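I opened my notebook for a friendly look through this one. Here is what I looked up, entry by entry.

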Amino acid sequence: MSKKALFIIPPERFNEDELFKPKEALEQAGVTVTLASTKTGEIIGDYNGKATAEIIFSDAVPADYDVVSVIGGSGTNDYLWNNADLQALLKQTHEQKILLSGICAGSVAVAQTGLLSGRTAACYPVDVQKDQLQSHQAKYVAQHVVAHSDIITADGPDGAQAFGEALVQALQ
């Protein structure tokens with residue numbers, strides 16, 4: 001599969017399982033995964049895992065990718081929620097009929113665009129995230145992955161493997 005994925009992570013405190021498990025699933029299926037953030041270079045996760053952001057996400061061109069995904073972690077709330085540049089990129093991704101996805105706090109970033117209005121979605125089962133989904137007219141459901149034809153959301157570390165598998169399946 002010669003497809004490409006853009007994974008957007010916060011500039012610090014991404015969740016390792018939510019990044020590495022779906023990234024590995026995609027790479028095993030032959031998908032090239034590019035990491036993006038608000039800065040380039042080494043980024044430290046919630047549990048001191050390391051990743052390297054190759055590009056600044058606001059410089060990314062959605063048409064270059066087959067899926068754009070927002071990864072969670074404690075830094076996602078601080079840096080990616082209500083980020084106007086991110087919301088513009090996600091809306092552009094959806095308008096261009098490119099698969100959009102988010103896991104954990106990343107699902108909230110997707111919901112904040114309004115694109116999940118009237119739909120079911122998964123996020124980490126804590127009130128702050130569930131409340132964010134509901135305030136953007138998305139219906140929270142307690143399951144690992146919710147896959148619509150154009151948007152996939154997932155709950156967090158426990159669903160990270162299933163999220164990766166759902167992305168692979170959607171790209172086939």
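Entry 1, pairing. Before listing any partners I noted the rule: two strands count as paired if DSSP finds at least two bridges between them. I am working from a predicted model. With that in hand I checked strand β1 (residues 4–8) against strand β2 (residues 32–37), and they pair in the parallel sense over five bridges. Within this pair, I found Ala5 opposite Val33 of β2.

I looked up the UniProt record, an unreviewed entry, and it gives "domain: DJ-1/PfpI" for residues 3–169. Over residues 3–169 I read 34% helix and 25% strand, with the end C-alpha atoms 12 Å apart.

Asn48 has a positive phi, near 70°. I placed Asn48 in the loop between β3 (41–44) and β4 (50–53). Is Asn48 buried or exposed? Its relative accessibility is 60%, so I logged Asn48 as exposed.

Gln137 also went on my list, with a positive phi near 60°. I found Gln137 in the loop between α5 (127–135) and β9 (139–140). Its relative accessible area is 51%, and since exposed means over 50%, Gln137 is exposed.

Key. Residues are numbered from 1 along each chain as its sequence is written. This is a predicted model: local features need pLDDT of at least 70, side-chain atom pairs count only at pLDDT 80 or more; totals for chains, interfaces and linings use all residues. Side-chain values use heavy atoms; hydrogens and water are left out. Helices (H or I, at least four residues) and strands (E, at least two) are DSSP runs, numbered from the N terminus. Buried means under 20% relative accessible area, exposed over 50%, partly exposed in between (1.4 Å probe, protein chains only). UniProt positions are given in the numbering used here, feature names are shortened, and annotations may be inferred rather than shown by experiment.
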